[in-house]
Amino acid sequence: MEKAVEKLESFLEIGGTKKEITLLVISGLALLASIFDLVPLPFNPAWIAIILCGIPIILEAVIGLVTAFDIKADVLVSIALVAAVFIGEDFAAGEVAFIMQLGALLEDLTVAKARAGIEKLVHLTPQTARVLKDGVEKVIPAEEVSVGDVLRVLPGETVPVDGVITSGRTSIDQAVMTGESLPVDKGPEDQVSSGTVNQFGTFEMRAVKVGEDSSIQRMIRLVQSADAGKAKIVGIADRWATWIVVIALASAIITWIVSGEIIRAVTILVVFCPCALVLATPTAIMAAIGNATKHGFLVREGDALERLASVSKVTFDKTGTLTYGNPKVVAVKSLSSSFTWQDIYYLTASSEQFSEHPLGKAIVSCYKQETGKNTAPAEDFKMIPGRGVSARVADSISIMAGNSEMMKENNIAISSEAALQAQSFIEKGCTIIYIAADGALSGYIALSDTLREEGPEMIKSMTALGVQPVLLTGDHMEAAGSIAGQLSIEDVHAGCLPEDKMSVIDEYQRQGYRVCMIGDGINDAPALKKADVGIAMGGVGSDIAVDAADIALVDDEIKEFPHLLALAKRMMITIKCNLSFSMALNFAAIILAMLGILGPVWGALVHNAGSVLVIVNSAFLLKWKKKRP
């Protein structure tokens, strides 16, 4: 909960907002004073709004025109302001300036502050390396390592460059590159990547890729390139600004020439100002963001929900997103008449109680939770990196718990029947720990990452909205296929490195699909950037994944994702209704202004009423919730 609050506070810390709100409050009070003549001043209080809100608009319009001939909605607003002041309609000028600045503030509030994901990736880059030359170890800066250098990596250290292990055995945490929830056992001739973490054993390696060619540097470049290709959505008022300015000026000039009344021309300029158009999109987005926040989503990019509304494919990472990311014991089997499966569970948990390996910790934790019992004392505990553990427990029974290589190295035969049974679990994505008691194979334990309970219903609700799920994972095909089968996901890509996930998304985009990516690990950062919309699991996910995403799911309740999808689509309907209404109101007001029925003040008030109705309509999104069928 504290982490969620910190993220919310950082999200709201947008520079300059307090100053803008203060100026708007002062301007609003000045306009009220002008209407009701509340404060005796030697000038019309509306001039306060003109100065505070109007002058910045005029300056921005002039700068845009002079420096880049950039015609935006503020050009027409500036013309209307000057014209209204010229004929003495101070309130109309102040009111238009106030509404436009209010729209600008709402747009600013929908944009999150700059993110620092790339900087955090840079911090992951190892700073030093242990180089062995002539048998002497020397610590040097990692960027000075050359191809072919022999390096030593101690337990707990980050691998400095890409290379191949020459001696030693260990387990490597590869989550930074593949997202795998469990460390991978490594030995001689196995490859290791920079940025991954050595868990247990000391090993020596030969450098193969260094500097800019290393895996972590490629990751940084992927994130940078993906971010550069994501376009921002421009407000409709600014997109149509040139035509709005031309039509407004033409209408005002023609009306002035035909009627001979300049006040009609000024009224046309006032009612032509795209205030409601400016408010139509940001008010709906702000209301939808408020709704999303109540359901555990922090929308970090203002236009993310607009992009999400058009998504047709959602790519999911597996570990930590569709699963909990923690291994659990799913089966305990006895292969000996001397021990029951309960005995096997008890003896294994007792032998693993001092293990630092995630699988060992999972066995001990699951045993205590499921049985409510404590483990037996263990003696002569040994941990063999990349293999398993051994210990003496319960009346000095010698226990070995580890992988098939450990059994083979200790001349413990695994029968074909036992191997066949274990293979059935491996095909479901499980990891097998074999148990030998006093030198004879006695059983095995199968562990697996567990599917989130809400996953199947979430996928079903999502597909009902017309969006296709896709699974992208660094895990092997057996684990990916098992999860995909339980969730009814047909499109599966297994064994994906960060660039592979990015390539899959890029291919979908080339085919014309809008893609949303949901992930949690550092390895998902490039894909989160590349996708049209990136959603990070803010609770279990890494800070770098959250920084790379457009939306963060703070509490990791993925069951709320269909609501976010439906909310985004509803928001776009609201925006279209707002735009249609505001344009229809503008058109009617322009006709009345041409006929002389509306003056500048009443024109401004009618225009203001349209803006209020747009805001009220958007406000309904705050409590909107899709009705269950």
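1. A word on exposure before anything else: buried means under 20% relative accessible area, exposed means over 50%, and partly exposed is what lies in between (1.4 Å probe, protein chains only). This is a predicted model, where local features need pLDDT of at least 70 and side-chain atom pairs count only at pLDDT 80 or more, while totals for chains, interfaces and linings use all residues. Residues are numbered from 1 along each chain as its sequence is written, and side-chain values use heavy atoms, with hydrogens and water left out.

2. The overall picture. The protein chain has 25 helices and 22 strands (DSSP runs numbered from the N terminus, helices being H or I with at least four residues and strands E with at least two). Of its 629 residues, 52% are buried. Taking contacts with a separation of 6 or more, 69% are between residues 24 or more positions apart; contact here means heavy atoms within 4.5 Å. The chain exposes about 28,300 Å², and carbon and sulfur atoms supply 58% of that (Shrake-Rupley method, 1.4 Å probe; for residues, only the protein chains shown count as cover).

3. On to charges. Side chains of opposite charge can pair when their charged atoms come close. The structure holds 11 salt bridges, each being a side-chain nitrogen of Lys or Arg within 4 Å of a carboxyl oxygen of Asp or Glu. One of them joins Arg130 and Glu157, at 2.7 Å from N to O. Arg130 sits in strand E1 (residues 128-133) and Glu157 in the loop between strand E3 (150-153) and strand E4 (162-167), so this pair ties together parts that are 27 residues apart in sequence. Arg130 is partly exposed at 22% relative accessible area, and Glu157 also comes out as partly exposed, at 22%.

4. What about Arg307? Its salt bridge is with Asp550, and the closest N and O atoms are 3.4 Å apart. This pair links distant parts of the chain: Arg307 is in helix H13 (residues 304-308), Asp550 is in the loop between helix H23 (543-548) and strand E22 (551-553), and 243 residues separate them. Arg307 is buried at 6% relative accessible area, and Asp550 is buried at 1%.

5. Another pair to look at is Lys530 with Asp506, a salt bridge of 3.2 Å from N to O. Lys530 belongs to helix H22 (residues 525-530) and Asp506 to helix H21 (residues 498-510), 24 residues apart. Lys530 is partly exposed at 24%, and Asp506 is partly exposed at 22%. Elsewhere, salt bridges with shared partners join Arg130, Glu137, Arg152, Glu157 and Glu204 into one network.

6. Strand E3 deserves a look too. In a regular strand the side chains alternate between the two faces of the sheet. E3 has Leu151 and Val153 on its covered face, and Val150 and Arg152 on the uncovered one. Three bridges join E3 to E1, running antiparallel (two strands pair if DSSP finds at least two bridges between them). Within that pairing, Val131 has Leu151 as its bridge partner. E3 also runs antiparallel to strand E9 (residues 203-209), with four bridges, and Val153 stands opposite Phe203.

7. Strand E16 (residues 431-437) and strand E17 (residues 440-451) run antiparallel with seven bridges, and Ile435 stands opposite Gly443. E13 and strand E14 (residues 388-393) are antiparallel over five bridges, with Ala378 opposite Val393. E13 and E14 form a hairpin with three residues between them, and Gly386 in the turn has a positive phi of about 75 degrees.

8. Finally, His563, which is in helix H24 (residues 561-594). At 10% relative accessibility, His563 is buried. Its side chain makes a polar contact with that of Asn291 at 2.9 Å (a pair of N or O atoms within 3.5 Å; within protein, one must be able to donate a hydrogen and the other to accept it, and residues adjacent in sequence count only if both atoms are side-chain atoms). Neighbours within four places in sequence aside, His563 is in contact with Asn291, His295, Trp624, Lys625 and Lys626.
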